[in-house]
2 protein chains.
Amino acid sequence: VTELYFGVDFGGTSVKLGIVNGTGEVLARESIPSRIELGPEDLIARIAEACEKLVVKHRLDRGTFRGAGIGSPGPVDLDAGTIVTACNLPVSFDNFSIRDSLSKQLNLPTVFDNDANVACWGEYWLDGMGVISDMVLFTLGTGLGGGVICGGELVHGCTGNAAELGHMIVRPGGRVCTCGQRGCLETYSSATHIAAIANEALDGGRKSALADYRTQHGPVTSKDVFDFAMRGDALAGEVVDGAAEALGLALVSLRHIVEPARGVLAGGVIQAGEMLAQRVKKFYDQYMWTQHPEPMEICLARLGTDAGIIGAAGIAVHALKK
Amino acid sequence: VTELYFGVDFGGTSVKLGIVNGTGEVLARESIPSRIELGPEDLIARIAEACEKLVVKHRLDRGTFRGAGIGSPGPVDLDAGTIVTACNLPVSFDNFSIRDSLSKQLNLPTVFDNDANVACWGEYWLDGMGVISDMVLFTLGTGLGGGVICGGELVHGCTGNAAELGHMIVRPGGRVCTCGQRGCLETYSSATHIAAIANEALDGGRKSALADYRTQHGPVTSKDVFDFAMRGDALAGEVVDGAAEALGLALVSLRHIVEPARGVLAGGVIQAGEMLAQRVKKFYDQYMWTQHPEPMEICLARLGTDAGIIGAAGIAVHALKK
């Protein structure tokens with residue numbers, strides 16, 4: 001009998017949820033609006049309802065469900081199964097027990113982690129497990145999150161907030177980060193900062209095809225930067241290189257700290273495609289020591305929009321096996 | 001019945017070995033010259049002989065010995081139980097199976113790791129286990145090594161060479177490291193570079209009480225730098241601050257990556273004492289994000305010269321429990 005799992009990917013705008021089997025195949029998926037203004041209890045009730053509807057719709061045997069996993073914005077308290085406080089959610093979510101509430105509604109053991117760790121586990125489960133045991137993943141979006149797997153397990157750290165890879169300091173005294181530090185990886189390689197660096201250069205009078213484009217279309221986005229870099233614009237190319245260089249530097253340090261076999265780039269920014277991965281790899285090779293070769297596989301995430309569903313189901317599969 | 005373990009700390013000059021019980025007490029210790037020029041087989045035979053003599057001398061029951069652990073300079077191949085190639089050892093040691101050879105001579109299960117990991121495990125075992133699960137340790141000596149513990153286990157990485165913390169890049173484009181990188185932590189915080197930075201400043205004509213001292217005593221050592229910093233010399237103070245700042249920066253990044261509860265400073269440089277730990281802590285607090293408090297315990301190693309023996313026995317105790 002196939003064992004089935006619910007995978008839930010909770011974001012500020014929408015909740016993606018799906019039914020996943022023990023080998024990571026998505027049998028059904030659905031997306032519902034988060035409507036976070038209605039509060040966490042309403043949200044969990046609607047998630048559970050959507051899960052049950054999906055079972056019925058696809059004529060699956062509810063008795064073969066073994067568990068559920070849910071990924072959420074952080075920081076999270078893993079022991080309590082709560083979001084501590086997330087800047088993009090109403091205060092009613094603070095310390096609300098997402099995990100236990102969902103577990104009760106679905107009447108299934110439920111596992112909980114932050115969204116970046118969940119995405120990392122999804123990529124690892126379907127593309128790494130059995131081949132490698134050590135991996136890092138960057139989620140390159142509005143912010144920059146991450147996941148770290150050592151010896152086949154996600155690294156959670158002493159308060160469950162490990163793998164905040166966006167806040168590694170790659171350039172001491174560098175760009176100011178909203179976190180209060182300077183020179184964070186996030187200030188070079190997140191979508192927000194890729195766009196900001198380009199706009200700041202244009203504000204400073206830097207010549208680029210992006211200048212005319214901005215006059216017509218408004219502030220440059222990270223997608224614009226990648227598009228213009230592809231067409232050979234010098235400024236755009238420099239900004240992409242700056243983002244890739246910061247990631248390359250971070251990966252050299254990460255290699256020496258936890259020695260991952262693979263570094264995975266995920267999140268919206270990777271729509272830029274192989275251009276980004278290739279440039280990160282170039283900088284990694286350039287900065288890496290020469291005393292003995294330490295090649296590292298640097299690649300793009302492969303699960304696409306199902307990553308959150310698959311990863312969430314995956315942490316449940318993994319936790320319930322133990 | 002007390003279960004006993006041999007702990008062996010193999011260094012280029014001497015081998016420290018001891019008999020340790022299951023709670024980390026050293027019941028007997030001995031030091032023998034390494035005489036590495038005689039080759040690895042001779043070395044292992046002399047280690048085993050010294051171990052057996054120690055049992056007899058202290059009238060211990062050889063039947064209560066459960067295992068042995070040995071720490072060695074790296075890089076090591078943990079699966080094979082060999083030193084891959086160590087720059088300070090004759091080539092006869094390359095790929096010699098230290099672990100299996102010692103295991104055969106002692107007729108005991110034997111566990112092997114690099115010396116920094118062993119030191120890290122020793123500190124964790126006697127001072128952290130049961131209290132914390134996540135820790136990093138720096139060995140500040142001629143070079144700069146490290147150990148990383150996540151979730152109560154040493155992190156080894158994909159080829160067993162994780163926790164090379166001296167080669168985290170803390171200042172891109174910074175000081176040249178023998179490894180081929182620039183801006184490595186080792187180039188600011190190892191004994192070698194603390195001395196070198198002071199000597200370079202003096203060569204450049206920098207005024208300091210160290211200048212006269214050097215004229216009389218020859219090149220400044222890291223100990224001299226700490227001594228003069230204690231007495232208020234400005235240059236010496238700056239060099240110590242530079243070493244502490246690099247460690248503080250590294251600890252901020254490490255906190256975001258693996259989230260240790262504790263950062264431990266070990267190795268010869270910590271003879272400088274609390275002055276060093278306090279300065280590292282000051283820089284950690286200064287560079288750490290302000291979005292929510294993440295205080296970290298930063299302290300000096302406590303096991304002193306027994307660290308290698310205790311840690312080596314400790315990895316055996318831990319591995320054999322599993």
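A residue is called buried when its relative accessible area is under 20%, exposed when that area is over 50%, and partly exposed in between (1.4 Å probe, protein chains only). The model is predicted, and local features need pLDDT of at least 70, side-chain atom pairs count only at pLDDT 80 or more, and totals for chains, interfaces and linings use all residues. Residues are numbered from 1 along each chain as its sequence is written, and side-chain values use heavy atoms, with hydrogens and water left out.

Helix 10 of chain B, residues 307–321 (helices are DSSP runs of H or I with at least four residues, strands are runs of E with at least two, and both are numbered from the N terminus), is mostly covered, with twelve of its 15 residues buried. Among these buried residues are B:Ala307, B:Gly308, B:Ile309, B:Ile310 and B:His318.

Chain B is superposed on chain A by a rotation of 180° with 0.0 Å of shift along the axis, at an RMSD of 0.0 Å (least squares on C-alpha atoms of residues with pLDDT of at least 70 in both copies). The two copies are thus related as by a two-fold rotation axis.

In the interface, 39 residues of chain B are in contact with 39 residues of chain A, contact meaning heavy atoms within 4.5 Å. Because 100% of the interface residues of chain B are also interface residues in chain A, the copies meet through the same surface. Helix 8 of chain B gives the largest share of the side that touches chain A, namely eight residues.

Conventions. Chains are lettered from A and ligands numbered from 1 in the order in which they are written. The expected span of a helix is 1.5 Å times one less than its number of residues.
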